[in-house]
Amino acid sequence: HTTDCPPQSHDHIASSASNGTVVLWDVAAGRSGGQSVVWEAKDHSRTVWRLAWCQPGNEVLMLSGSLDGSIRAWDFRASCLCVMEMSKHHQQAAVRDLRVCGAEPWKFAAGLECSNEGAIAVWDVRNPGGPVVRVKEETAVHAVDWHPAHPTILASGRIGRQHAPAGVKIWDTSLGPSPSATTASSTASSDLQPIAVLQTMDGVSNVMWRPTYRTQLATTYMTHLSTVHVWDIPTFWSPLAACCGHSMPVT
């Protein structure tokens, strides 16, 4: 279903499938006719929707987020070893996106779909007992992205419903509860409010900050908009640029 490459490695690539399987491939070995599968695991019960690489120290962990509601961390140095599992967020939760913070690579954000609602959860892999920040949303959150220069700033994109419009929100996660306030027995719940809000005409499938441009980000859409929009936060009411040419929504 999705693929991703580990940091500082040009010979490996990870992939996931709709049956819950996660596979690490050795591209160089495959080119030379050798065994291309390094390891394979099937611990998830549903589609693994997103993969991300996390470096909490000298470790290199691969995160897998599934529609079964769980997030697993795999040790890149070990053979098919799941070193931790982040518990399910909700009885009917599904993980729709995972993004590791570039400036603080032990921290990652997840976009969640919880029945007809959604949520954003921020985790610290050094303390996997529960999210350090969790914000409830009215609709499913399909996209999250950390600001490249400000490690507390997070963008999220959600779908639209009759009771709530689609759009993008910008959050300052430093305004939420401190990590020390979160324990393994208590899940952080935050009344965190967005610092900027953008309404879109279609559900947001991807959101990405523009490198070296502190206030600009791009969005793609779920169903009927095939345009890639670039937005500038101070002028959120109108796109800064529209990249056209695709005939179908950009995935």
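Reader: How do you know that strand S5 and strand S6 (residues 61–66) pair, and how many bridges join them?

Author: In this predicted model, six bridges join S5 to S6, and the two strands run antiparallel. A pair of strands needs at least two bridges, so S5 and S6, with six, count as paired. One of the residues involved is Ala52, whose bridge partner in S6 is Leu63.

Reader: What is the strand order of the sheet that holds S5 and S6?

Author: The order is S5-S6-S7-S8, an open sheet of four strands with antiparallel pairing.

Reader: What makes strand S5 (48–54) and strand S8 (82–86) edge strands?

Author: Each of them pairs on one side only, and that is what places S5 and S8 at the edges. Within this sheet, neighbouring strands are turned by 20° against each other on average, with direction ignored.

Reader: How many helices and strands does the protein chain have, and what share of its residues counts as buried?

Author: The protein chain has one helix and 20 strands. Of its 251 residues, 50% count as buried, the cut-off for that word being a relative accessible area under 20%. The accessible surface of the chain comes to about 11,900 Å², and 51% of that surface belongs to carbon and sulfur atoms.

Reader: What makes strand S13 (residues 141–146) a mostly covered strand?

Author: Six of the six residues of S13 are buried, and S13 is therefore described as mostly covered, with buried meaning under 20% relative accessible area. S13 is joined by five bridges to strand S14 (residues 153–158), and the two run antiparallel; since at least two bridges are required, S13 and S14 count as a pair. Val144, for instance, has Ser156 as its bridge partner in S14, and a hairpin of six residues leads from S13 to S14.

Reader: Why is the pair of Phe108 and Trp123 called stacked?

Author: The structure holds three aromatic pairs, and Phe108 with Trp123 is one of them, the ring centres being 6.4 Å apart and the planes at 5°. Centres must lie within 6.5 Å, and planes under 30 degrees apart count as stacked, so both values meet their limits and the pair is stacked.

Reader: Why does the pair of Trp231 and Phe236 have the name edge-to-face?

Author: The ring centres of Trp231 and Phe236 are 6.3 Å apart, within the 6.5 Å limit, and their planes stand at 85°, over the 60 degrees required, so the pair is edge-to-face. Trp231 is buried, as is Phe236.

Reader: How do you know that the charged end of Arg96 sits over a ring, and which ring is it?

Author: The ring is that of Trp49, and the charged end of Arg96 lies 4.5 Å from its centre, a distance within the limit of 6 Å. Arg210 likewise lies over the face of Tyr213, at 3.7 Å from the ring centre, and that distance too is within 6 Å.

Reader: Is Cys244 buried or exposed, and how do you know?

Author: Cys244 has a relative accessible area of 64%, and because exposed means over 50%, Cys244 is exposed. Cys244 lies in the segment after strand S20 (241–243), and its C-alpha atom is separated by 9.8 Å from that of Leu225, which is 19 residues apart from Cys244 along the chain.

Notes. Residues numbered from 1 in each chain as written. Predicted model: local features only at pLDDT ≥ 70, side-chain atom pairs only at ≥ 80, totals over all residues. Heavy atoms only, no water. Axes fitted to C-alpha atoms, helices over the stretch in contact; angles between N-to-C directions. Buried < 20%, exposed > 50% of the residue type's maximum accessible area, 1.4 Å probe, protein only. Areas by Shrake-Rupley, 256 points an atom, 1.4 Å probe, with all protein chains shown as cover. Phe/Tyr/Trp six-rings, centres within 6.5 Å; stacked < 30°, edge-to-face > 60°. Lys NZ or Arg CZ within 6 Å of the ring centre and 35° of its normal.
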